[in-house]
Amino acid sequence: MASVQLQQVRKSYDGKNQVIHGIDLEIQHGEFVVFVGPSGCGKSTLLRMIAGLETITGGDVLIDGKRVNDEPPRNRDIAMVFQDYALYPHKSLYDNMAFGLRLRKTPEGEIKRRVMDAARLLRIDHMLERKPAALSGGQRQRVAIGRAIVRQPKVFLFDEPLSNLDAQLRNEMRSEIKKLHQRLGATIIYVTHDQVEAMTLADRIAVMSGGHKMQHASPDEIYNRPAAQFVAGFTGSPPMNLVSCQLQAGGADLGGGTLIALPADLRERAAAAPGHVFGIRPENLSLAPRHVPGEVVVQARVVISEPLGAETLVTFQVGNAELIARCSASFRAPAGTPQNLYLDPAAMHLFSQDSGQAI
């Protein structure tokens, strides 16, 4: 395993179409870091630059302190798992996993040991004579991961490896990848557009948008202390409630006569900013008092209820805004029903309307 450092890494095409804007990032030995963001944000391009599959326009990529900008992929001691598996259809699973080692002239005894160890780890040791066509999508992805493991690289790179699988297989493989990291203690960089994958797998997450790094932090910090409005709106299912507001008399005015009292420290920080967006996560709205210090109560009306089995998502009209709350599975109320909503002040956020940065 190894550390990876990105120092002001940039990428542009034709010298003008810039897609990666000076990213600084440090990934520690044995760390599991996820690049997450919407399609087109630059996360796969950044991964391919680390792998050596894309040229670097500016800045440096260092693996274990060594600058690798000009090193070909085979000299970077990395192994990459692709979205489409990239298996040889005419070769057995054993030969697919052994192929890279044979190219490196590894002795056959060592190849067999590594392939069998990886196959047992991934629970595919009973099917090594099969061809890829005889496997399910999840089994093919295990083979692709096994092919990377036998290389014993310094860094594993995963490029949206689960996006071709159905929902149940994605859940199963997500658990397997997390267990694999715990067993190997390897440095892993993983790209996905699925924020659930990012939150469940990562030691730290790098949230990207438009070729910029918006925040690089632990899943807990990303979720509970987002550094920008984009991060708050991208993470969580459903994401944070975000509504434009005016700061008035110590509170956030949502219009329609609704003023949400803000904690004193948040009011002080917000005083200098010209425009504001108020944010609070659905689970921090409740239908009954939680008796937390400074709890805020507002009048609301039910707009729509969405039963999900284990819970019900309810959209409420609060002033001129709509807020979604996580409610109990038993909640039932027709549209228009008045309701008190209780807000936890410790979970309130304000963002600058101009910059999108947290206040």
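Colleague: How confident is the predictor in the chain on average, and what share of the residues score at least 70?
Modeller: This is a predicted model, and the chain averages a pLDDT of 92, with 99% of the residues at 70 or above.

Colleague: Which elements have the lowest and the highest mean pLDDT?
Modeller: Helix α9, residues 264-270, has the lowest mean at 85. Strand β3, residues 32-36, has the highest at 97.

Colleague: OK, overall picture. How many helices and strands are in the chain?
Modeller: The chain has 9 helices and 20 strands. Its C-alpha atoms fill a box of roughly 75 × 45 × 35 Å along the principal axes.

Colleague: And how much of the chain counts as buried?
Modeller: Of its 359 residues, 49% are buried. The accessible surface of the chain is about 16,200 Å², and carbon and sulfur atoms make up 48% of that.

Colleague: What share of the contacts comes from residues 24 or more positions apart?
Modeller: Counting contacts with a separation of 6 or more, 66% are between residues 24 or more positions apart.

Colleague: Charges next. How many positive and negative side chains are there?
Modeller: 40 positive and 37 negative, and the centres of the two sets lie 7 Å apart.

Colleague: On to the sheets. What's the strand order in the open sheet of 4 strands?
Modeller: The order is β2-β1-β4-β5, and the pairing is antiparallel. β2 (17-27) and β5 (66-67) are the edge strands with a single partner each, so one side of each has no neighbour in the sheet.

Colleague: How many bridges join β1 to β4?
Modeller: There are 5 bridges between β1, residues 4-13, and β4, residues 58-63. Gln5 sits opposite Leu62 of β4.

Colleague: What comes up in the loop between β4 and β5?
Modeller: Asp64 is in that loop. Asp64 isn't a glycine, yet its phi is positive, about 55 degrees. Its relative accessibility is 34%, so Asp64 counts as partly exposed.

Colleague: Tyr85 has a positive phi although it is not a glycine. Is Tyr85 buried or exposed?
Modeller: Tyr85 is buried, at 11% relative accessibility. The phi of Tyr85 is about 70 degrees, and Tyr85 lies in the loop between β6 (78-81) and α2.

Colleague: Since you mention α2, which of its residues are buried?
Modeller: In α2, residues 93-103, those are Leu93, Tyr94, Asn96, Met97, Ala98 and Leu101. An α-helix has 3.6 residues a turn, so residues three or four places apart point the same way.

Colleague: What do the buried residues of α2 pack against?
Modeller: Two helices, α3 (108-121) and α4 (137-149). After α2 comes Lys105, with a positive phi near 65 degrees.

Colleague: Now the hairpin. How many residues sit between β12 and β13?
Modeller: There are 2, and Gly256 in the turn has a positive phi of about 65 degrees. β12 covers residues 251-255 and pairs with β13 in the antiparallel sense over 4 bridges. Asp253 has Leu259 of β13 as its bridge partner.

Colleague: Which side chains of β13 are buried?
Modeller: Thr258 and Ile260, which point to one face of β13.

Colleague: Where's the cis peptide bond?
Modeller: The cis bond joins Ser237 and Pro238, with omega about 0 degrees. Pro238 is in the loop between α8 (229-234) and β11 (241-248).

Colleague: Last one, Ser352. Which strand is Ser352 in, and what does it contact?
Modeller: Ser352 is in β20, residues 349-352. Leaving out neighbours within four places in sequence, Ser352 contacts Gln229, Gly275, Gln357 and Ile359. Ser352 is buried because its relative accessibility is 11%, under the 20% cut-off.

Conventions:
Residues numbered from 1 in each chain as written. Predicted model: local features only at pLDDT ≥ 70, side-chain atom pairs only at ≥ 80, totals over all residues. Heavy atoms only, no water. Buried < 20%, exposed > 50% of the residue type's maximum accessible area, 1.4 Å probe, protein only. Pairing = 2+ DSSP bridges. Contact = heavy atoms within 4.5 Å. Areas by Shrake-Rupley, 256 points an atom, 1.4 Å probe, with all protein chains shown as cover. Lys, Arg positive; Asp, Glu negative; His and termini not counted. Charge placed at Lys NZ, Arg CZ, Asp CG, Glu CD. pLDDT = per-residue confidence, 0-100.
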